[in-house]
Amino acid sequence: MHVDPLQQSALSFALSVATGLDGRPRRLDARYLYDAAGSALFDRITAQPEYYLTRAEDRLLAAGARAIRQAAGPGTLVELGSGASQKTEHLLDAWCAAGPAAYVPVEVDLHALERACTALRRRYPSLPVEGLAASYERALPLLPAASPMTLAFLGSSLGNLGWHEAPDFVQSVADILSPGDHFLIGLDLVKKPAALEAAYNDAAGVTAAFTRNLFVRMNRELLTDISPGAIAHVAFYDSDRERIEIYAEARHELLIRVPAIAREFRIARGERILTEISHKFRRPSVVATVERFGFRLAWTDQTPGTGRGDAENEFGLFLFRKIPTPVRAAQAARAAVALLAETRARTLEMVAPLTDEDLQRQHSRLMSPIAWDLGHIAHFEELWLLRDSETAATDEQDAVYDPLTTPRARRDQLALPSVATIRQRLLDVRRRVEARLAAPPSKPSSALMQKVMQDGIGFNLVAQHEAQHQETLLQAIALREDLDYRPPFAGEPSMPVGFRPPIESLLVPGGSFVMGTDDRRWAYDNERPAHRVDLPDFHIDACPVTNGQYLAFIDDSGYTRRELWSEAGWSWRQATGARAPAHWRTRSAGGWEAVVFGRLGPLHPDCPVVHVSWYEADAYARWAGGRLPSEAEWEKAAAWDPAQGRARRYPWGDEAWQAGRANLDQRHLEPAPAGAVLAGRSAYGCLQMLGDVWEWTASWFDGYPGFQSFPYREYSEIFFGKQYRVLRGGSFATRATVARATTRNWDLPERRQIFAGFRCVRAPATLSR
Ligand code: TRP
């Protein structure tokens with residue numbers, strides 16, 4: 001028996017409750033339905049006269065088990081969500097009859113699993129049974145060792161995953177299976193609503209008790225105080241979405257206090273909390289959907305299209321064989337071309353509204369002439385994808401486009417080629433790169449280049465480099481207050497408020513987490529290696545500090561009170577005379593407005609403040625009774641998932657960015673209001689960790705323990721030390737390709753051209769509970 005140590009964590013239960021109850025519609029994670037009492041109730045559900053699913057599946061398994069074993073061939077039988085393993089016995093009979101076999105039941109409820117294992121060992125004395133007490137996500141990575149295998153997922157459990165989760169889940173199954181392995185799914189089929197609704201509303205009230213038990217469990221494990229009598233079970237069929245929805249409805253107003261995370265939730269009378277969904281399926285779309293993930297149907301209980309009417313067509317069994325997927329290298333090359341092309345298209349769109357004169361002039365000593373950035377983009381691409389980087393830089397362009405030989409402040413004195421020449425060079429280099437991708441050289445020219453070209457690392461590096469320069473270009477353009485800039489990709493100027501955060505500060509309970517990453521394909525050298533960091537409890541702002549909050553600091557004489565500023569910050573303030581963020585203007589009538597990409601307009605009080613220096617952020621935090629977070633605090637709050645015991649790639653999970661998850665990728669040229677983009681929240685409930693504004697942290701930029709520079713010292717290492725402060729999280733102007741929870745940016749503390757804001761942390765003692 002293998003027991004996942006994270007199984008019983010009350011903290012992950014509490015955080016999951018908070019995430020679910022903050023959401024709209026409110027929901028609770030269905031995995032918590034299955035404690036010991038819940039599993040026992042579920043077994044009773046399967047015996048109710050209205051709940052036809054289990055009996056229908058059992059009949060199909062009894063009739064089909066031998067054919068399934070024959071189609072799947074020998075191997076280990078692995079079962080996800082095995083429960084009491086009752087219906088599995090038909091399969092085990094067939095497996096044992098056909099030759100040597102082994103069984104691996106995977107189940108969240110440890111006690112149900114232990115009981116099932118004991119019963120099975122008695123019934124099948126010679127069958128090796130190796131139980132795994134874990135959630136699906138935690139179990140899947142441990143399973144490849146069981147190959148050759150048939151992975152069974154019965155009871156229509158796939159239907160309990162949501163629209164996004166079901167495909168992700170099939171993908172993760174595809175990832176862990178080897179070609180020749182099998183995936184056996186049992187699914188409930190679309191049928192008359194009355195039969196479906198009866199199954200989830202049994203007359204004996206067992207399903208209602210199952211729903212209520214979730215609240216009994218919260219009372220016991222989370223010390224909430226919910227009267228189970230206040231919870232009504234509501235289940236109905238949504239025929240548009242072809243799914244049963246199950247809710248807990250509040251019979252009167254509920255106050256749910258969760259002491260472990262110092263949160264409380266008010267549920268109005270009549271309000272519903274979604275506890276489970278159960279999709280119903282159609283045979284042809286099941287086959288088509290699963291086959292897209294590299295499977296072929298190997299067996300099913302009937303031939304698709306020969307449905308014999310409702311009664312025989314209650315439930316379906318589908319056995320899929322994993323087939324070999326096309327060569328990874330070809331896929332990677334195609335992805336690289338697409339990424340480079342998409343990135344270049346944005347660069348060109350970005351400069352399209354500008355004249356050659358706009359491109360060639362240096363408008364601020366802080367920035368390069370835009371034409372220099374363009375030439376440098378081509379130069380960098382040539383350097384890392386077309387040339388042996390170990391041969392010394394030879395041609396004269398190298399010196400021009402080398403950021404170290406030619407620092408920004410001096411780039412106005414350069415004799416840059418004409419804009420037309422630079423554009424031509426961008427194109428020429430790209431053509432040669434595409435040719436190289438189509439016919440890669442058999443031997444890289446050096447050991448370093450071999451590493452750079454491995455797994456498409458060089459292409460990702462070059463694409464990310466260009467993407468980062470796009471943000472630099474936008475910074476340069478934003479500094480030109482005389483230029484009314486409206487690029488085609490930026491769409492709507494602002495985003496709607498999705499949700500107002502109910503609280504300002506969130507508790508991140510103490511404990512260790514893994515900071516940074518070991519990923520080599522996308523991460524930069526400064527994000528590596530992954531390492532454990534232990535932190536005490538802290539509270540962190542749910543959202544970045546807003547214009548409205550920052551105005552209160554200004555109005556409270558924040559800029560003139562010496563005690564709020566660090567020594568260096570005060571000298572900076574004195575020298576610059578700053579009394580508001582960059583681009584802010586006083587109105588004649590009093591109050592402030594701001595110039596945003598050449599347009600003067602009102603400040604939105606709910607939008608994160610942007611264009612502040614580190615010194616200003618630090619002074620504000622002191623004024624507000626807090627401090628800036630360390631990088632480690634920021635990253636833990638953004639990425640750590642205590643339920644899984646691992647870091648997420650993004651605050652919301654590992655899935656790629658989409659518009660609803662963060663205000664990234666230059667779709668809007670300003671931050672979204674605090675509380676928007678709820679879908680991007682982190683496990684601890686923090687919003688807008690990625691996108692909107694880069695966030696200043698208290699940390700100096702330095703290497704993590706065990707740092708190794710790659711591909712060259714000039715990327716990060718030469719900036720290490722007590723000179724640059726780290727910024728985290730990306731802004732609205734950051735491309736999604738470069739925005740990860742581990743991405744680090746750095747700049748001098750006085751800089752304000754960055755789209756930078758901040759959030760604060762507080763020690764637990766300063767907060768009253
Ligand atoms: N896989 C089962 C189904 O979708 C799970 C289930 C049955 C269930 N009855 C339930 C889940 C009641 C929650 C509540 O049918």
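Modeller: Helices (H or I, at least four residues) and strands (E, at least two) are DSSP runs, numbered from the N terminus, and the expected span of a helix is 1.5 Å times one less than its number of residues. What you see is a predicted model, in which local features need pLDDT of at least 70 and side-chain atom pairs count only at pLDDT 80 or more, while totals for chains, interfaces and linings use all residues. Residues are numbered from 1 along each chain as its sequence is written, and side-chain values use heavy atoms, with hydrogens and water left out.

Biologist: How many residues does helix H15 have, and what distance does it reach from its first C-alpha to its last?

Modeller: Helix H15, residues 419-438, has 20 residues and reaches 29 Å between those two atoms, which is close to the 28 Å expected at 1.5 Å a residue.

Biologist: Which residues of H15 are buried, and why do they line one face of the helix?

Modeller: The general idea is that an α-helix has 3.6 residues a turn, so residues three or four places apart point the same way. A residue is called buried under 20% relative accessible area, exposed over 50%, and partly exposed in between (1.4 Å probe, protein chains only). In H15 the buried residues are Val419, Ile422, Arg425, Leu426, Val429, Arg430, Val433, Arg436 and Leu437. Seen down the axis of H15, these buried residues fall within an arc of 125 degrees (taken from the directions from the helix axis to the C-beta atoms), so they line one face of the helix. On the other side of H15, Ala420, Arg431 and Ala438 are exposed.

Biologist: Which residues does leucine 437 touch, not counting residues up to four places away in sequence?

Modeller: Contact means heavy atoms within 4.5 Å. With those sequence neighbours left out, leucine 437 touches Ala333, Ala336, Val337 and Phe459. Leucine 437 lies in helix H15 and is buried, with a relative accessible area of 12%. Leucine 437 and glycine 456 are 19 residues apart in sequence and 10.0 Å apart in space, C-alpha to C-alpha.

Biologist: At what angle do helix H1 and helix H9 pack?

Modeller: For such a reading, axes are lines fitted to C-alpha atoms, for helices over the stretch in contact, and angles run from 0 to 180 degrees between N-to-C directions. Helix H1 (residues 10-22) and helix H9 (residues 206-222) pack at an angle of about 130 degrees, with their axes 10 Å apart. Angles under 35 degrees count as roughly parallel, over 145 as roughly antiparallel, 65 to 115 as roughly perpendicular and the rest as oblique; H1 and H9 are therefore oblique to each other. Their contact is made by Ala10, Phe13, Ala14 and Val17 of H1 and by Arg217, Met218, Glu221 and Leu222 of H9.

Biologist: How many of the 13 residues of H1 are buried?

Modeller: In H1, 10 of the 13 residues are buried, so this helix is largely enclosed by the rest of the structure. Among them are Phe13, Leu15, Val17 and Leu21, and the buried residues of H1 pack against H9, strand S9 (254-258), strand S10 (263-267) and strand S11 (272-279).

Biologist: Where do helix H13 and helix H17 stand, parallel or antiparallel to each other?

Modeller: The axes of helix H13 (residues 370-385) and helix H17 (residues 457-479) come within 10 Å and cross at roughly 170 degrees, and the two helices are therefore roughly antiparallel to each other. Their contact includes Trp372, Phe380 and Trp384 of H13 together with Phe459, His465 and Leu473 of H17.

Biologist: Which peptide bond that ends at proline 148 is cis?

Modeller: The bond from serine 147 to proline 148 is cis, with omega near 0 degrees, and proline 148 lies in the loop between helix H6 (136-139) and strand S5 (149-153). A cis peptide bond also joins phenylalanine 710 and proline 711, where omega is about -5 degrees; proline 711 is in the loop between strand S23 (694-700) and strand S24 (725-728).

Biologist: What is the phi of serine 557, and is phenylalanine 597 buried or exposed?

Modeller: Serine 557 has a positive phi of about 60 degrees although it is not a glycine, and at 33% relative accessibility serine 557 counts as partly exposed. Phenylalanine 597, also not a glycine, has a positive phi of about 50 degrees, and phenylalanine 597 is buried, with a relative accessible area of 2%.
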